[in-house]
Amino acid sequence: MTVTEAPYRVTADIISSTCGQSISAGGVWNLIQRLGERIDEEERHAVKQMNADQAEGEKGIPVLFEEMDGVWLNIQDEQHKKKKKQEMKVFTMYEGWDAEKEKANRSTLVGKTMLAGMEKSTEFHEKREACIRKKYNADEIGQRILNGDGGSWIKEPYDPETIFQLDRYHICQEILRKISDKEAQKEIRRLFDEEKTEEMFAYIETYAVRVESPERKDKRSQKARELYQYLYHNREGLVPYQKRGIRIPEPPEGMVYKGMGIQESQNCTVITLRMKHRRMRWSERGANHLAKALYRKENRELVETIEKYTDGLLFTLQMKEIIETLSAAKAPKKEGKGSTYMELIKHHMPIIDAMQTVSRKAFKRAFSQ
C-alpha cells in the first residue's frame, strides 16, 4: 500500500523505521515485481478462460461504458540509460452514474473497474475483454459505448457493434496544439460544439491555405492539415453517442447516463501522480508490474490480492531471525549517555513508544533531557 503512494526508497525507509523489519529499496522493488507477476498470471488465466468459453461473468447490464487512453512514461534499459518513451495503456469500464449523488452535484461512477499495463495492443485488448467477461455476461450487455482519443490501438473492440466516440478533451487539446491563432481556435470550437462537422472541415482547410508560407519555419499550415487529418479519420466519433439518435436501453433505477470523458481524471489519480514527473524513469517490466498494483488498489482489490499471495511474498528469513530482530530483550538498555529519568520509566509511554514524527521527537527532546 505504501509503494503505491511513495517511491521505492521512501517506502523502504517508512517500513524500516516503523515495522521493526529492515528492508532496502531493492527489496521493495523485488516484492512489487513478484506481486505484479502474480497479477499478470491472473490476467493471462482469465484470457484462457475466456477463449475456452469458461468466463466467470454472469451479470447482465443494459449499457457498458468503456474508456481507454495512454500514459507516456520515461523508460530506461537495464544499465539505467534513457530510452524512448513508451505508452502505458489504461482502461476503465463502468455501468453509469449514481443518480442520488448527481442530485448533490457529485459525479460518482457505478461499477467502476480499471485495468492497466505495458502490453502490446493485441494482448492488452485480450486482457481487457477477459476483464469484462470476468464480471459480466457479454451476451447480456445491451450496448457497449467506447470513448477514446482516436489512437489506432484503441479502436480495436471485440464487439463490432460497439459505439465509438472521440474524447472531447482530446479534440479540444488537439485544436489548441495545432492552431495558434486565437480567433481560428474559437471558430473551430464553435463549429464543433454546434455539430457543424462539414463546415468545420471546410474552415480548417481554408485556414491551412490562408496561412501557408514559403518560410520553412512557419508550420501553421502543416499543423492545421494535421488537425484536419486527425478529425477526419475519427469523423464517425465526433458527435457524442447521446446526440446521434441511437436508441440505447434505459438506465436501471438509481442510475443515470450522461456524457463520457472520465479517463483523463482516472489516468491522473491512478497512474500519473505516482509514475510521472519527479524525473522518474522505469524499466518496461517494472512499470508494468507497479501498474498492476495501482489498478488493483483503485479497484479495491489490492488487500485481497496481497492476502491471496502472502505466503509467496513473505521475506525469505527464518522465523527465528525475525523473532530476534523484533525482540526487545537484546536491545541496549540505553543509547549514548542516556537519561536518569527516562530509565525509571518501565511501562508504555504514548509519545516515546509511538512512531517518531518530527513533533513527537521535539516533545521527547524537551522533556527527557
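Start with the five strands that make an open sheet, running β5-β2-β1-β6-β7 with mixed pairing. Strands here are DSSP runs of E with at least two residues, helices are runs of H or I with at least four, and both are numbered from the N terminus; two strands pair if DSSP finds at least two bridges between them. Now colour β5 (113-117) and β7 (163-166): these are the edges, each with a single partner strand, so one side of each has no neighbour in the sheet. From one strand to the next, the twist averages 25 degrees.

A quick word on what you're looking at: this is a predicted model, where local features need pLDDT of at least 70 and side-chain atom pairs count only at pLDDT 80 or more, while totals for chains, interfaces and linings use all residues. Residues are numbered from 1 along each chain as its sequence is written, and side-chain values use heavy atoms, with hydrogens and water left out.

Next, pick β2 (residues 82-94), which pairs with β5 in the antiparallel sense over five bridges. Show Val90 and you'll find Ala116 of β5 opposite. Contact means heavy atoms within 4.5 Å; axes are lines fitted to C-alpha atoms, for helices over the stretch in contact, and angles run from 0 to 180 degrees between N-to-C directions.

Over to another sheet: three strands, in the order β4-β3-β8, form an open antiparallel one. Its edge strands are β4 (109-110) and β8 (255-256), each pairing on one side only. Strand β3 (residues 96-98) meets β4 over two antiparallel bridges, and Trp97 stands opposite Leu109 of β4.

Now select helix α5 (residues 168-178). Which of its residues are buried? They are His170, Ile171, Cys172, Glu174, Ile175 and Lys178, where buried means under 20% relative accessible area, with a 1.4 Å probe and protein chains only.

Conventions: Buried means under 20% relative accessible area, exposed over 50%, partly exposed in between (1.4 Å probe, protein chains only).
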